[in-house]
Amino acid sequence: MSVPATDPTANTEPTAESLSSWLADRIALYLQRSPSEIQPTVPLAEYGLDSVAALSLCGDIEEDFDLVLEPTVAWDYPTIEALAGHLVEELQSMEGGSR
Amino acid sequence: MLSDPAVDPAAHEAQESAVQARVAELESRFGDPHDPANPLGTAGLLAADEAGELPAAGERLLDDLVLNAEFVPGEFGGRLDRLDSLARVMRQVFRRDVALGLGYGITSFMAAANVWTAGNEEQRRRLAELLLGGSKVSVAYHELAHGNDFVRNEFRADPVPGGFRLHGRKEVINNADRADAFALFSRTDDSPGSRSHSVLLAERDQLDQDRFKVLPRYSAVGVRGCKLSGLDFTDCPVPDSALVGARGQGVELALRSFQITRSAVPGMAIGALDTSLRTVVGFAVGRRLYRRSVMDIPHASATLTGAFLDLLTCDSLALVGTRAVHLLPDETSVYAAAVKYLVPKMLTDTMYDLSIVLGARFYIREGEFGIFQKHVRDLPVLSLGHAGSAACQATIIPQLSRLARRAWFSGDEAPQSLFRPRESLPGGIPFDRLALASGRDSLSASLVAAADDLPSGSPEELAVQGLVMRMLDELRQIQEDSLNLSPQDRTALASPASFALADRYAVFLAAASVLGVWRGARDGDDPFLADPAWVAAALHRLARRLGQRPADLPPGCEGRVHEEVLRRFHERRSYDLYDTPLAG
């Protein structure tokens with residue numbers, strides 16, 4: 001799938017900060033907590049994010065950012081900070097690849 | 001590939017006749033089930049079960065035939081080239097005795113799947129040597145306290161210089177007392193999450209005998225001959241070379257190797273339903289009530305016809321599951337979970353239906369019909385172990401919304417070969433190509449694509465067409481419901497509605513499998529499988545399982561299936577997709 005040029009997300013480059021806040025919001029929904037309770041450097045498994053939810057999260061990221069990820073991405077980047085950092089790299093390399 | 005058997009008829013013939021020969025040899029060596037002097041007949045198997053032992057003559061026979069070679073890939077000297085053939089061969093053992101199939105062999109296969117998937121050359125070679133030499137290998141995942149939540153497992157393999165130190169217990173482990181090696185799912189890191197476990201392959205001989213012990217045997221409801229016990233390690237060292245795959249890869253390895261076993265094992269167990277159906281048909285044609293045979297009582301006759309249809313449905317789904325490993329390895333995670341969820345459930349449900357026809361005889365542990373209650377007790381073991389029904393649904397649940405967005409009503413259909421029981425496959429199981437999740441579903445796409453292209457000449461064909469349209473509606477509904485799942489309903493703690501959705505999707509996949517098998521058989525040489533009567537009746541049952549109220553089947557449809565029930569009984573042919581000659 002290609003993102004149409006008029007897509008508003010194409011103009012606003014996601015940053016580590018915006019991704020962190022997107023992730024905190026989304027993970028809060030899985031855990032039924034408030035986003036502010038989720039510290040960016042604490043492993044998500046500590047909050048009780050199970051492997052089923054981790055796989056679902058991976059699907060959500062793919063959908064919202066039009067990325068294809070390894071289903072194990074939330075295992076290898078187990079905190080919000082690590083995951084956001086990885087997603088920034090993935091999005092940049094995708095950007096580079098498409099030019 | 002010049003000799004790709006999928007396109008080379010001679011290679012195709014060779015593959016098929018090799019499997020047929022193995023099936024026929026097992027069947028003839030097990031001998032006549034009704035002969036009281038045959039130690040592997042029903043009487044002998046029931047006696048072993050009462051004694052809580054695996055039948056000694058059965059273990060000797062399987063040793064003699066080197067059954068373990070079925071679990072070893074061809075490149076390491078065994079006969080494991082196709083997963084559907086493995087299920088087909090093992091079905092002959094399960095047809096006689098589930099405990100023997102599990103306790104002699106499948107435990108070792110489940111352990112071995114880890115090593116074939118992620119082991120290094122030396123480990124694979126050594127495991128092949130053990131298995132081909134007749135050794136058993138235990139698969140030690142289970143800890144009672146954690147069930148299928150194995151990410152919380154506590155059994156430890158603490159990294160130390162040069163290796164690991166094993167500490168803790170594994171419980172309800174088949175063959176723990178006699179296996180020559182153990183595949184141990186172990187915590188290698190204290191952190192929570194899915195990168196803290198590893199699989200280790202430890203050989204019994206190389207362990208410090210003072211630092212581990214075998215726990216007492218469990219007495220179980222079924223598979224009473226299986227030696228279920230456990231292991232208790234106390235700071236027991238193993239070398240670095242025991243590690244299978246990379247450290248921390250255990251959960252991922254489990255989820256990959258489970259795809260192999262989840263696809264294959266339920267198809268084996270279909271053999272036990274086959275024998276049970278045959279037993280009840282024998283009862284129904286022989287017993288007279290209300291001045292007619294039980295078979296002439298409409299309820300009894302309809303139950304037996306329904307059981308046969310369920311068996312064909314289970315076999316169709318199991319066939320697709322095993323062949324998908326070869327043909328659609330990146331889509332197998334969902335299909336394997338659907339097979340392991342739905343087939344054992346349908347087998348158990350169908351056994352219950354059959355027990356009603358058998359009446360009081362179902363409660364008797366000996367004699368002509370005694371094997372039935374043994375299969376009733378043995379079959380539920382399939383839904384236990386380290387891939388229970390709910391765990392399989394939990395594999396499907398997080399993939400539903402992705403499939404709903406990306407796959408359904410848009411992807412390419414599966415190759416026809418997916419649905420053809422005897423068609424050859426490119427050799428070797430692609431262990432390295434199995435993916436943990438997929439965004440495609442070619443099996444569902446096959447039903448969607450078929451809908452525009454179904455024959456509509458006869459009443460049976462029209463019935464198939466109508467039922468397929470209903471299944472399309474069902475997929476639309478599953479898609480809508482999947483898109484509406486809230487985040488917390490896509491976790492292990494999802495509401496019952498998510499589990500029900502996974503159930504409906506598995507039933508839909510069974511419908512797509514049945515339809516695919518029929519379409520694949522229409523130009524083949526099996527007149528029954530080519531006939532639309534069975535597929536109409538099977539889809540009708542699945543539609544009712546989904547809570548639909550489909551129009552009545554055309555007259556003659558169930559009659560055609562019922563005739564086949566009787567033909568296969570009188571001609572001693574199996575009730576599965578293979579219509580195999582049996583010893584009795």
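Guide: Domain bounds, as used here, come from an automatic or database domain assignment. This is a predicted model, in which local features need pLDDT of at least 70, side-chain atom pairs count only at pLDDT 80 or more, and totals for chains, interfaces and linings use all residues. Residues are numbered from 1 along each chain as its sequence is written, while chains are lettered from A and ligands numbered from 1 in the order in which they are written.

Visitor: Which residues does the assignment of chain B give to domain 3?

Guide: For chain B, the assignment gives domain 1 as 9-135 and domain 2 as 138-246. Domain 3 is written as two segments, 253-416 + 438-570.

Visitor: Which element gives the largest share of the side of domain 1 of chain B that touches domain 3 of chain B?

Guide: Residues are in contact if their C-beta atoms, placed from the backbone, lie within 7 Å; by this rule 24 residues of domain 1 of chain B touch 30 residues of domain 3 of chain B. Helices (H or I, at least four residues) and strands (E, at least two) are DSSP runs, numbered from the N terminus. On the domain 1 side, two or more residues come from each of helix H2 (42-50), helix H4 (83-96) and helix H5 (98-118) of chain B. The largest share, 10 residues, belongs to H5(B).

Visitor: In S3(B), which residue is the bridge partner of B:Ala157?

Guide: Strands pair if DSSP finds at least two bridges between them. Strand S2 (residues 156-160) and strand S3 (residues 163-174) of chain B pair in the antiparallel sense over 5 bridges. The partner of B:Ala157 in S3(B) is B:Leu166.

Key:
Two residues are in contact if their C-beta atoms, placed from the backbone, lie within 7 Å.
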